[in-house]
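Me: I'd like to go through the labels on this model with you and ask what stands behind each one. Could you start with its pocket and then turn to the rings?

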Amino acid sequence: MAADRTFVSRLTGSFSSPAAGNPTVVMVEAAYRHHCVEARYINCEVTAEALGDAVRGARAMGWAGFNCSLPHKTTVISHLDGMAPSAQIIGAVNCAVRRGDDLIGENTDGQGFLAALRTVTDPAGRHVVLLGAGGAARAIAVEVALAGAASITVVNRGQRRGEDLAELIRDRTPAAAHFVPWDGPYPVPATADVVVNATSIGLFPKVSARVPADLAAVSPGTVVADVIPNPPRTAFLADAAAHGCVTLDGLGMLVNQAVISIGHWTGVAADPVVMRQALYEIFGS
């Protein structure tokens, strides 16, 4: 047997509930195989009551880190030793990383969106229209603001959550921000450079649901993005393409947040093409 042979894998994974529909394990393990990384990604069903035990177990077993999905993105914080700066602003963690003896919280959701966005445009100096004010919207807003977006318009049905997000951006980042109530089809202004659907409208199986947003005024070449990975080409993106917009599907955010997580856990720059292909096999292209 070779002297450097090991039968102990680096352990990573995800804590969520429900966990069965989470496809992250497929793309992460595809990346591990492609890059010959001796690691495993374990998708774990973890209830809210068991989260503390799960984190303590990960510590005890020497996990390199783990993802947290619903409903744990905020409650996990009390079980960690610290948070990265942008995660502190967002107030949520979707990735824990072992650094020495500590578990540090990161939020790679917004970073993953930003990496995908930069394949088509740089948000610096841009006007971003954000549809929704939930967890995904919050992460995206913070990261594009820190990346230099000039202004962010938060469009949301709930006034309190929408105003809170706009206030967070104004108070904690250099970007300007304001809230617009979403009480009917929202006319996206011609000044918008980037439009993001950060809601679940159009997510499988309700693929025919339409985002109530009117793109008639946007210019050809405006970037329109969706956070929904399944289906990759949503009705919202199809409508945007018909208006001559540049479209960005939700697989980009999903893949890139995992690329960033893998980098934290292993130091490997994972190939997003390999990971995206693994998701195509599940969702279709």
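Reply: Happy to! This is a predicted model, and its largest pocket has a volume of about 1300 Å³. The elements giving two or more residues to the lining are β1 (10-16), β3 (65-68), α5 (135-146) and α8 (250-266). The lining has 41 residues in total, with Ser69, Leu70, Lys73, Asp109 and Ala136 nearest the centre of the pocket.

Me: Why is the pair of Phe15 and Trp63 called tilted?

Reply: The planes of Phe15 and Trp63 stand at 45°. Stacked needs under 30 degrees and edge-to-face over 60, so the rest is tilted. This pair joins strand β1 to the loop between α2 (51-60) and β3, 48 residues apart.

Me: How do you know whether Phe15 is buried or exposed?

Reply: Its relative accessible area is 3%, and buried means under 20%, so Phe15 is buried. Trp63, at 5%, is buried too.

Me: What makes Tyr41 and Trp265 a pair?

Reply: Their ring centres are 6.1 Å apart, and rings pair if the centres lie within 6.5 Å. The planes meet at 40°, so this pair is tilted. Tyr41 is in strand β2 and Trp265 in helix α8, so the pair ties together parts 224 residues apart in sequence.

Me: And what makes Arg157 count as lying over the face of Trp182?

Reply: Arg157 is at 5.4 Å from the ring centre of Trp182, and the distance cut-off is within 6 Å. The label also requires a position within 35 degrees of the ring normal. Arg157 is listed as lying over the face of Trp182.

Technical notes: Residues are numbered from 1 along each chain as its sequence is written. This is a predicted model: local features need pLDDT of at least 70, side-chain atom pairs count only at pLDDT 80 or more; totals for chains, interfaces and linings use all residues. Side-chain values use heavy atoms; hydrogens and water are left out. On a 1 Å grid over the protein atoms alone, a cavity is a set of points where a 1.4 Å probe fits but cannot get out, and a pocket is an open set with protein on both sides within 12 Å along at least five of seven lines; lining residues have an atom within 4 Å of a point. Grid points are joined across faces, edges and corners, and a volume is the space filled by probe spheres set on the points. Helices (H or I, at least four residues) and strands (E, at least two) are DSSP runs, numbered from the N terminus. Rings of Phe, Tyr and Trp (its six-membered ring) pair if their centres lie within 6.5 Å; planes under 30 degrees apart count as stacked, over 60 as edge-to-face and the rest as tilted. Buried means under 20% relative accessible area, exposed over 50%, partly exposed in between (1.4 Å probe, protein chains only).
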